[in-house]
Structure formats: structure tokens, C-alpha cells
Amino acid sequence: MKKSKVRDCLLTTDKCHSARSEESKRDSSPIGLRMTKRVAKHPQVILDMDPGIDDALALLLALNSPEIQILGISTVAGNASVEMTSANARRVLEYMGVTNIPVAMGAAKPLEHPLVNALSYHGSDGLGECGLPSPMLSLHPAKAWDFIAQLVSGAPGEITLVATGPLTNVAHAFKLHPELPKFLTKLVFMGGAYGLTPYGKGNQTPLAEFNIWQDPEAAYIVLNSGAVIYAVGLDVSTNPTTCLNNQHLEQLKAGHTPAARLAAQLAEYVIKRHGRCELHDPLALAVLLDTSLFNFISVPVEIVTRDGWDRGITHISPSDSSQLIHVAAGVDGARFLKLFLSRILRTPSNTTHHSGPFARPIIPSEAKNLDPSLSLRVTKTTSKLEK
Ligand code: BDR
Ligand code: CA
């Protein structure tokens, strides 16, 4: 792509306009496979994550957002080992009393490098030593990439994938099932630092963001897959207007719902150590809840995969060959935080529904362990969650 074309792209900040037109093109393009035009009442979502404190906050936000339907969760190594992130996803689900969202475990390490975890930030259990018990529900038997592929191929054009960890599982899924990128409604991922705002610098190295730096080879595959892709990077997620501070923490502490109690504890762990709690992953999820919170620009993105000081950097590229990615270049932080807090503090209604074709009843061996008022049980046995 010529420099002037990149500049034109950079100037396209009209809140997803180009992204929408690209999606509508996708809807009408014959790809040789059945693409249903039916608009699901509740957008169907798969969460690919590495919980992780902010992943857990994103999961709480998703669970309390009635306009989306969570079909399943796939877990990846990133903030912690994949065993720990898989346990953490289920610890949060069970704490919230949700037993019908399947969790499928994915990659134990990035494609070509060993894992470098972030437990020094997220705490020894990956969840700020919150004291939630080990999970009782079993994992889904499929590997994450087959799990994603089965769900997406079963409803082509209807499912959005939200990835808030390294893109390893998504890259495996796209390599093994090349039709998938075209079958997704879109992929929204948290990752990258694009130099689009004063905050668009690195958090793992001076210029590289953690998720991309962890597995740049995977990011390269995904960002060149042909999927419709939205990127939420540090340019917006470290903007102070999107972060929780002590005042927000007091609001969460005053909340009486299980989600508010857990969110307060997770946020407090980070705020005590860093003065604020960055909401990287909830911000990525918010793209599905209110796209008008963001300004996206459509640009080609290059990923540095070579070893060296610049490994994992995401550049807006002058290259002709890369596909256009919709990168968040601006955010209405106050409105985002209002949305986040109101969702976390709300009492979920009976109409909030999740799970999809993989949902299954609890089998008796699990049921005997499950207390019907799980959140109550957890708060009673876990001193840190006691009010
Ligand atoms: C990303 O890195 C992880 O530690 C967070 O969970 C988030 O997904 C931010 O760079
Ligand atoms: Ca994450």
C-alpha cells in the first residue's frame, strides 16, 4: 500500500464506517458455502481468553450483558499456564453460578517460543489470590481450536470471536480449518500498541504489547487470515479515562451482587499495587456492547516476528500486501466506564441467557458437588470475598 493510501486510511475515523461496509460486503459475497442471513437475536460469541484479572473482569462483563450469548470459552496460555487459565475461567463461571457454558482448553505455549507468564502482575493464582475454590466442572473434551471450529462452522456468518489472550488458539484454528476466517462475523482481539495516541506504547517491552509479544507468529497468521478484524490495543486501554481508580473501587465495593464483589476484589489487587486497574480485556468486549464508544481506523498492520528488541511490535504498515484491520484509535472512556460499572453492579435478570449447542446438563458426579447457591457458598467459605 502506498504511503498516501495509508494516510487516507488513518484519516478514516468515522466510527466503524468502513468496517461496517466491509462486513456487509462479506455478507453478500458467495464463498461457496451456506451463509445464513438470519440475524441472531442475541449476537453469539466465543471468548478465547487467558484469565488473568482483566480477562476475568471481561468474563463478568460478558455474563452480565444480556445482549450477547456466550456459546463457549476457549482458554490459552498467556497470563498463566493453560491449566491455570482453564481453571480460572471455570472458577469465575462457578462463582457466578453458571454451569452451562463449556470451557475448552487450548495451547499450552506459543507457536514457536516458550511461555512467559504474567503472574507477577496477576498474582500467584492468576486472579489476584482471590481465594475462589478450584473448579468442579470438567473441561469440554475438544481442544480449543476444534471447539471453535465446530461452533463456527455450525453457524457460518453468525459467530463473533473475542480473543483477549495471545492469538495461539485462533492461529491453530485458522491453520487447521482454513474456512473459519470467512465464517466468522468478526474477530475482536485485545492486543497491540499502534502509536495512535500518547498511550500506544508497549507494556511488555518499550514498544510491544503483552498478547502480541507473547506469540507474534500466531498474530501474524491471524492478522493475514482474511477475517474481519477489530483490534483494541494499548492506545485506548491504557488511556487513564478507561481505567478503574479508587473511586470506582468504592462503587464496586458498595455493590451487593456476586459480580460486584469479585470485581472489587480483582480490581483492588491491582489498584493497591499499580494505583489503577487497566481494563484491557473488558474494553475489547465492549466493542460488541456499544461500538459507538470507539473510533476505528482501517489500516494494514505489520507484526515484527523476528527475535530482537523489536519482537512483537505492531506497526501500521506501508506495505501493499497486508489486509486492513480496524484498529481502535480513540475511545469515550467515561461512557465505557459507566457501561462497565453499571453492568457489573446490575442484578442479572432471568432473561440473561448464555450457552449454545455444547451446553450440557451437569452430570450427576458433578452435581453432587454443586451447591445451588454457589456464589453464597463461595462467599461463606472464602474469607477474602466476605464483605
Ligand atoms: C493484555 O495482557 C494481559 O496481561 C491482559 O490480560 C491483557 O489481555 C494487555 O496487554
Ligand atoms: Ca488477557
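How many bridges join strand E4 to E5, and do they run parallel or antiparallel? Let's start there, keeping in mind that this is a predicted model. Five bridges join E4, residues 159–163, to E5, and the two strands run parallel. If you'd like one pair to find on screen, Thr160 has Lys186 in E5 as its bridge partner. On to the next neighbour: E5 also pairs with strand E6, residues 229–232, in the parallel sense over four bridges. Here you can look for Phe189, whose bridge partner in E6 is Ala231. Now check how covered E5 is. Seven of the seven residues in this strand, 184–190, are buried, so E5 is largely enclosed by the rest of the structure.

Let's zoom out for a moment. The protein chain has 17 helices and nine strands. It is 387 residues long, and 51% of them count as buried. Take the contacts between residues at least 6 apart in sequence: 84% of these join residues at least 24 apart.

Next, hop over to strand E7, residues 294–303. Eight of its ten residues are buried, so to speak mostly covered. E7 pairs with strand E9, residues 324–331, in the antiparallel sense over seven bridges. Look for Val299, whose bridge partner in E9 is Ile325. E7 is also joined to strand E8, residues 314–316, by three bridges, and these two strands run antiparallel as well. In that pairing, Ile303 has Thr314 in E8 as its bridge partner.

What about the inside? In soluble globular proteins, nonpolar side chains tend to be buried together. The largest nonpolar core here has 119 residues, and Leu60, Ala263 and Val327 touch the most other members. Leaving out residues up to four places away in sequence, Leu60 touches Val92, Ala259, Leu262, Ala263 and Ile344.

Is Leu61 buried or exposed? It counts as buried, because it has 23 C-beta neighbours inside 10 Å, and the cut-off for that label is 20 or more. Setting aside neighbours within four places in sequence, Leu61 is in contact with Pro282, Leu285, Phe340, Arg343 and Ile344. Leu61 and Leu283 are 222 residues apart in sequence, yet their C-alpha atoms are 9.8 Å apart in space.

Helix H3 also takes us to the ligand. Ligand 1 is surrounded by 13 residues, and the closest are Gly52, Asp54, Ala118, Phe210 and His280. Helices H3 (53–63), H9 (210–214) and H14 (280–289) each supply at least two residues of that shell. By type, the shell divides into three nonpolar, six polar and four charged residues.

Most residues other than glycine have a negative phi, and most peptide bonds are trans. You'll find Glu129 in the loop between helix H5 (119–122) and helix H6 (144–154). Glu129 counts as partly exposed because it has 13 C-beta neighbours inside 10 Å.

Technical notes
Residues numbered from 1 in each chain as written. Chains lettered and ligands numbered in written order. Predicted model: local features only at pLDDT ≥ 70, side-chain atom pairs only at ≥ 80, totals over all residues. Buried ≥ 20, exposed ≤ 12 C-beta atoms within 10 Å, placed from the backbone. Contact = placed C-beta atoms within 7 Å. Near = placed C-beta within 6 Å. Nonpolar A, V, L, I, M, F, W, Y, C, P; charged D, E, K, R; others polar. Pairing = 2+ DSSP bridges. Core = buried A, V, L, I, M, F, W, Y, C linked by C-beta atoms within 7 Å.
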